[in-house]
Structures are given as structure tokens and as C-alpha cells.
Amino acid sequence: MMKHLQKLGSALMLPVATLPICGILMGLGYAIAPAVMGAAGATEGFAYALGLFLVKAGGALIDNMAILFAIGTAVGLAKENNGTAGLAGLVSWLMITNLIGAAGDIVPKLAAIGNWGLAYSKIANPFTGILAGIIGATCYNKFKGTKLPDVLAFFSGKRSVSIVTGVVSIVVSAILILVWPVLFSVLVGIGQAVVSLDAVGAGIYAFLNRLLIPFG
């Protein structure tokens, strides 16, 4: 288990490595024009335009972090770190987020339960990105050498990976329609509990954060 967690942790470092540039750009943008992030200051002129430009550049990655995790995790876990796995990870992420996001229309009775409707609307997140990346990499590692009959030979090998990933993602989405709202509630509950503990909660957060080291 530890070996698999370390491999996953190593794969996650690939998308995480893109985040420092986000912080740098957004920090520079805020330093130049604090008003772009809601602080007091001028809201026009060259400095404001430059600051807004830099903040938007950094936000382009922050706002799409889930996609970065889907592609980066898939490539990091794939054999030879092949880019085909990255495409499969993106296919899985798009499939899952669209199907779960539409769950309220597909099964309206479920969306009416508690905060399930809210959970469905929050499916596009890094957690889902990591899950999609794992699915994409797993499908690549298992089906990259698939041999099909001559009539379907075009879809043999790596070309079959995205097709298989799509099918697997549909099955996973059907399961997540029931599982994700429960998991979402648990995660929100844990977060609220930690926040309510003030200084003790900060200590718990720091402890859990340091556990990232032994897990890779």
C-alpha cells in the first residue's frame, strides 16, 4: 500500500510543479495593483491593467487545477509517462464531471436529497481530477498493447485507451452519483470541524500536511 501511495504522491508532483508560477504571477499582480484582488487601491490606469493581467494569468492555472491534476496524474502514473495516458485522463475527467454535473437532471429525486444537488455542482475539483488521472493511467497501462481484429485494427494499441477510459468513466460516474454526495458531506463536515477548533484545528491541519512527506 505504501508503495502505491508513494507512486501516486510522486505522480502528483507533476501537476503541483505548475503551481508556483501561479503564486508568483498572482503575488506580483497583487503587489502592483491590490485592487484587482479586492483590496483598497486604484481601479484604473496602467498599473491596474498590468496587475489584472498578471492575476488573470496565474488564475488561468489555479481555476483549472482539476484538469492539471487529471492530466498530470495520468502521465505520472503511466508506464513510460506516455502522453496518451494524459489524454485518457482528460477524457475521464470530462466524462465524469459532465455526467455528475447533470445528475440533477438525470435523477432529480436524488438531487433533492439534502445537499446532494450542491455536491453534484461541485464535482469539478482536484479530487475528481486525481481520480480521473488514476483511471486514465490504469486504462493506458492495461490496454496500450490491445490487439483487435483486422476490421478494427485502426483502434488497436494506444488508440483503444481513450475508448476504454470512456466506458470505465461512465461506470464510475454511475457509482459516483450515489457515492460522491456522501463523500462530499463527509469532507465538508471534517473541514468545518477542523476550522471550529481554531488553534487546535490549525495544529491538526499542520500535522496532516506533514504526513505528505512519508507518503511521497
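Because the model is predicted, local features need pLDDT of at least 70 and side-chain atom pairs count only at pLDDT 80 or more, while totals for chains, interfaces and linings use all residues. Residues are numbered from 1 along each chain as its sequence is written, and side-chain values use heavy atoms, with hydrogens and water left out.

## Overall layout

The chain has 11 helices and zero strands. Helices (H or I, at least four residues) and strands (E, at least two) are DSSP runs, numbered from the N terminus. Along the sequence the pattern reads α-α-α-α-α-α-α-α-α-α-α. Taken along the principal axes, the C-alpha atoms fill a box of roughly 65 × 40 × 40 Å.

Of the 216 residues in the chain, 30% are buried. Buried means under 20% relative accessible area, exposed means over 50%, and partly exposed lies in between (1.4 Å probe, protein chains only). Contact means heavy atoms within 4.5 Å. Among contacts between residues at least 6 apart in sequence, 70% join residues at least 24 apart.

Two packed helices are described by the angle between their axes and the distance between the axes. Axes are lines fitted to C-alpha atoms, for helices over the stretch in contact, and angles run from 0 to 180 degrees between N-to-C directions.

| Helix pair | Angle between axes | Axis distance |
|---|---|---|
| Helix 5 and helix 9 | roughly 130 degrees | within 7 Å |
| Helix 4 and helix 9 | about 30 degrees | 7 Å |
| Helix 9 and helix 10 | about 145 degrees | 10 Å |

The axes of helix 5 (residues 83-101) and helix 9 (residues 126-143) cross at roughly 130 degrees, which makes helix 5 oblique to helix 9. Angles under 35 degrees count as roughly parallel, over 145 as roughly antiparallel, 65 to 115 as roughly perpendicular and the rest as oblique. The crossing of helix 5 and helix 9 is right-handed. A crossing is right-handed if the near helix is turned clockwise from the far one by less than a right angle, and left-handed if anticlockwise.

Helix 4 packs against helix 9 at an angle of about 30 degrees, which makes helix 4 roughly parallel to helix 9. Their crossing is right-handed. Among the residues in this contact are Phe-69, Ala-70 and Leu-77 of helix 4 and Pro-126, Ile-130 and Asn-141 of helix 9. The contact of helix 4 with helix 9 has 11 nonpolar, four polar and no charged residues.

Helix 9 also passes helix 10 in a right-handed crossing. Residues of helix 9 including Phe-127, Leu-131 and Phe-143 meet residues of helix 10 including Val-164, Val-172 and Leu-183. This contact of helix 9 with helix 10 has 13 nonpolar, four polar and no charged residues.

## The largest nonpolar core

A nonpolar core is a set of buried Ala, Val, Leu, Ile, Met, Phe, Trp, Tyr and Cys residues joined through side-chain atoms within 4.5 Å. The largest one has 20 residues, and Ile-96, Ile-100, Tyr-120, Leu-176 and Trp-180 have the most contacts inside it. Helix 5, helix 8 (116-121), helix 9 and helix 10 (159-196) are the elements that give two or more residues to this core. Helix 10 gives the largest share, six residues. Not counting residues up to four places away in sequence, Ile-100 touches Tyr-120, Ile-123, Ser-173, Leu-176, Ile-177 and Trp-180.

## Single residues

Trp-116 lies in helix 8 and counts as buried because its relative accessibility is 16%. Leaving aside neighbours within four places in sequence, Trp-116 is in contact with Leu-110, Ala-111, Ile-177, Leu-178, Pro-181 and Val-182.

Thr-128, in helix 9, is buried with a relative accessible area of 2%.

Glu-80 is found in the loop between helix 4 (65-77) and helix 5. Its phi is near 60 degrees, a positive value in a residue other than glycine. Glu-80 counts as exposed, at 58% relative accessibility.

Key:
Nonpolar A, V, L, I, M, F, W, Y, C, P; charged D, E, K, R; others polar.
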